[in-house]
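Here is my notebook on how the parts of this structure meet. I began with the contact between the chains and then turned to the domains.

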Number of protein chains: 2
Amino acid sequence: MTSPRAPEPIASRDNPRVKRLRRLVQDGSAYRREGIVWVEGDHLCRALLARGWQPEAVVSSPAGLAWVQTWQQTGALAPEVPVWLLTEALMAQLSPLESATHVGCLVPVPPNQAVQAGVPTVVLDRLQDPGNVGSILRSAAAFGFRQVVALRGTAALWSPKVLRAGMGAHFGLALVEAVDASCLADLQVPLLATSSHHGDWLHEARLPWPCAWLLGHEGQGVRPDLMAQAAQTVRIIQPGGEESLNVAAAAAICLHASAAAVFRGL
Amino acid sequence: MTSPRAPEPIASRDNPRVKRLRRLVQDGSAYRREGIVWVEGDHLCRALLARGWQPEAVVSSPAGLAWVQTWQQTGALAPEVPVWLLTEALMAQLSPLESATHVGCLVPVPPNQAVQAGVPTVVLDRLQDPGNVGSILRSAAAFGFRQVVALRGTAALWSPKVLRAGMGAHFGLALVEAVDASCLADLQVPLLATSSHHGDWLHEARLPWPCAWLLGHEGQGVRPDLMAQAAQTVRIIQPGGEESLNVAAAAAICLHASAAAVFRGL
């Protein structure tokens, strides 16, 4: 039995709203043309609402409506935001995840801002793997960094895979992407980088705050001309030998060291 | 023109060797039945040879033969190891990677050993994501841990995805997998775990060495009954707020802290 106010769920794959959703879900950079991202699942939707964002529309299957009503009742979701109801089957087809998703939001992506000066920042130089990029956004948010600058050639920050790996960090950070390295001069904070050969040991180094950590391509590392702009290079102790670290692992260690330095009063 | 000694490359998808290869590449846990893993690409093959491992066979396309000859000439690859030559087309079909692979090795997996006592160890409690598991193996090897114990329910350590993410760390670690949590008593080193609520700040904590770090499921964390066995729990400072870290990021921070403590003389 449906209540008198519940509309019939959309069941057709050819519905224009469903076709638009499918495009956004399947094409990781479609948001750059459309200005809208698909934010999937209860956890991510709650993360964006908690940060004060409002979606253009909420998409829900009948099983997701209870969440949507809770968001409306608590005032997190504005009453004027439309709710599109889809059948469970259609919702399941839409999702690339193995476990069923019952709810998602269509969210306008803020237009690319200029780089902010004087703010703790993470700079991504051509990182390729969406899981790495998402993990780094998460670490950046956790450790008090407020801005992430993705240089041209880096994976699309708002792609579905990066969004999932970011676990909501997107909504608490200023994100600047597809910019030229010349913008680094606008950061107005010391640039830090890791090196395998030079610099102080990270666990003994005095780290400036605010700062900007420079993280490079999974295989090639940071471009040499950017590396040359670093005010300080540090080394991560690796007693196990010549192994190199995954870039998101190295990032976590560096960003945590900055947070710990702030905690200790530098 | 092929030289008189170069055999004709195998070109048929139905060749028994090719069929066996395909099974190993496509099924992440096939090695558990067959006792053999497919190690793909120049980097991983060099990593295993550098650690003194010998494959059962090398598989190469014509474009990969120069590498194989180098390994033979330097003595890294034993002369009696057979080399199977496949056409470039067949090799390309075999690989799940976007970029072409020209060489790989079939490597016998060492039989599951018992847990070693007194050794710096990382314990994985039901981690699911192969990228996370591989990244943690890499951090473990880099930071001087010698053993990784994957409790039952953790992703298969030798699956192709974990192997790729591990970047060769597999060949320098003692790996024990699919074991019951009762084996933790055999480690004979203090168990450490992170908590969001309890314990010293990691960056101020005194950490024992050797030790075993306990890392838990991406969503649920460490099982409560294992958590209760931890000799010490530490907290990772997160000034950005309630964000949680990716488990491989948290692992990198913890394992690095242990390495730094050893470096400082505890």
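**Entry 1: between the chains.** I looked for polar contacts across the interface of chain B and chain A in this predicted model, and the rule finds six residue pairs, both residues at pLDDT 80 or more. I then looked for salt bridges across the interface of chain B and chain A, and the rule finds zero. The area buried between chain B and chain A is about 2,700 Å², and carbon and sulfur atoms give 62% of that.

**Entry 2: who takes part.** I noted 30 residues from chain B and 31 residues from chain A in the contact.

Which helices of chain B supply at least two residues each to the side that touches chain A? I found helix 6 (130-142) and helix 9 (247-263) of chain B. Helix 9 of chain B gives the most to that side, with seven residues. I sorted the residues of the side of chain B that touches chain A by class and got 15 nonpolar, ten polar and five charged.

**Entry 3: how the copies are related.** I superposed chain B on chain A: a rotation of 180° with 0.0 Å of shift along its axis does it, with an RMSD of 0.0 Å. That is the relation of a two-fold axis. I also checked which surfaces are used: 100% of the interface residues of chain B are also interface residues in chain A, so the copies meet through the same surface.

**Entry 4: inside chain A.** Next I looked up the domain assignment of chain A, which gives domain 1 (16-108) and domain 2 (121-263). Their centres, taken over C-alpha atoms, are separated by 30 Å. The contact takes 16 residues from domain 1 of chain A and 14 residues from domain 2 of chain A.

I read off about 1,300 Å² buried between domain 1 and domain 2 of chain A, with 71% of it on carbon and sulfur atoms. In domain 1 of chain A, A:Tyr31, A:Leu44 and A:Trp53 lose the most area to domain 2, together 34% of what that side buries.

Entry 5: How many salt bridges does the rule find across the interface of domain 1 and domain 2 of chain A? I found one. I also looked at A:Glu177 and A:Arg32, whose side chains meet in a salt bridge at 3.0 Å, N to O. Polar contacts between domain 1 and domain 2 of chain A come to six residue pairs, both at pLDDT 80 or more.

Key:
Residues numbered from 1 in each chain as written. Chains lettered and ligands numbered in written order. Predicted model: local features only at pLDDT ≥ 70, side-chain atom pairs only at ≥ 80, totals over all residues. Heavy atoms only, no water. Contact = heavy atoms within 4.5 Å. Buried area = accessible area lost by both parts, 1.4 Å probe. Salt bridge = Lys/Arg side-chain N within 4 Å of Asp/Glu carboxyl O. Polar contact = N/O pair within 3.5 Å; in protein donor to acceptor, adjacent residues only side chain to side chain. Helix = DSSP H or I, 4+ residues; strand = E, 2+ residues; numbered from the N terminus. Nonpolar A, V, L, I, M, F, W, Y, C, P; charged D, E, K, R; others polar. Least-squares fit on C-alpha atoms with pLDDT ≥ 70 in both. Domains from an automatic or database assignment.
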